[in-house]
Amino acid sequence: MRIIFSLLTLIPLALSYSPSNVIQANDKDFQQIVTTPGKFTFVDFYADWCRHCKKLSPVIDQLSNLFADYPEIQVVKINGDKDGKKMSKKYVEIGYPTLLIFDDSGNHVEFDGIRDIDAFSNFIQQFSGIRLDQSKQKEVEEIVQEEDNKDAVISLKPESYEQQLQDTQYAIVTAEGSWCSFCKEFAGVFDRIANTVYARNRNIVFATLTVDEQGNGQEVLDKYSVNRLPALILVKNGDFDNAVVYEGDLRRLNKVVDLINDFTGTLRDTMGELKEGAGVIPQISELIAKANGDYEELLSKLDETNGDTVDFYKSVVESLLTDPNAINVEYNRISLILDKDVDKLGGVVIDSLKQRLNVLNSFRL
């Protein structure tokens, strides 16, 4: 839905800023902060016990510093475990962290993407219409480049591998032996898969677990009944008891990529590009394509649907309620961006736009 924002006279507030420029809100002042005239407010709802929140905290600090020179943007945190319980109960639907952006009328949109500085800054710019200048954009690129230069494959210790992977949504582990010649060959393929094919998927962790000639690490192989090396152990949301073990053909890159795609719900080719259909929720697309203008019921069904692009589906349906041509308008807009400005965009943004284009294309039956 296209939201029209009005610029109102700035009314100063007595706010408490941390050294990182993040505003710490509470139940008493939250509504006053997010409805400050002329402001767009990015809010991190967090809890002290939440490990993901602690991991995200330095990124939120980076984000606040990035927009420090843009008075129209403010970055706010509120503790749902202490003095922000009331507001968190109102706005947090699933769990922590929950990330929302508000306009000064209190309208808000939830962020549901990869939680990094690049995705956050683009989300804020798209919602607010405020654009970072070249120096700030370069700062984002440098941060992203620094992250990208890190080796995507981590080494696991047999005695602590569960702790090392406990905060990951998806973990793809190659079990190898120090004496195994094919394991050494596959290591190069595995590095390419981690560092090239799935480099943009920050929700997937790639790791190696090596058993040495003295048998250190053998207990892990025994736990998962691994009889052949190399093998892949695939874990979702830290559920090691239901890990998937694959001891099949690892010599064909496309077959390994298909395996990981199926396990993670991702659609990438062997070059790391998204395939046609990535981001599409087929049953919802079919309902929208056949709705014939009756979209109200679809919104309630979307509330019961999971997926990375659910929020975009909702925005499309809401737009169709007021503009029957909304799909074509948005399709042409995104197509133009990918055609003319793709060289200026980061990989994560390109992925997001391609997923949206796939979703829109799925309605055009």
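Me: Rings of Phe, Tyr and Trp (its six-membered ring) pair if their centres lie within 6.5 Å. Which residues form one aromatic cluster here?

Reply: Phe182, Phe186, Phe190, Tyr198 and Phe206 do. A friendly caution: this is a predicted model, where local features need pLDDT of at least 70 and side-chain atom pairs count only at pLDDT 80 or more, while totals for chains, interfaces and linings use all residues. Residues are numbered from 1 along each chain as its sequence is written, and side-chain values use heavy atoms, leaving out hydrogens and water.

Me: Why is the pair of Phe42 and Phe120 called tilted?

Reply: Planes under 30 degrees apart count as stacked, over 60 as edge-to-face and the rest as tilted. The planes of Phe42 and Phe120 stand at 55°, with ring centres 5.4 Å apart, so the pair is tilted.

Me: What makes Phe120 count as buried?

Reply: Buried means under 20% relative accessible area (exposed is over 50%, partly exposed in between; 1.4 Å probe, protein chains only). Phe120 has 0% relative accessibility, so it counts as buried. Phe42 also counts as buried, at 0%.

Me: Which residues touch the most other members of the largest nonpolar core?

Reply: A nonpolar core is a set of buried Ala, Val, Leu, Ile, Met, Phe, Trp, Tyr and Cys residues joined through side-chain atoms within 4.5 Å. Of the 27 residues in the largest one, Phe42, Ile60, Leu63, Phe67 and Phe120 touch the most other members. A second, separate core has 26 residues, including Phe312 and Leu357.
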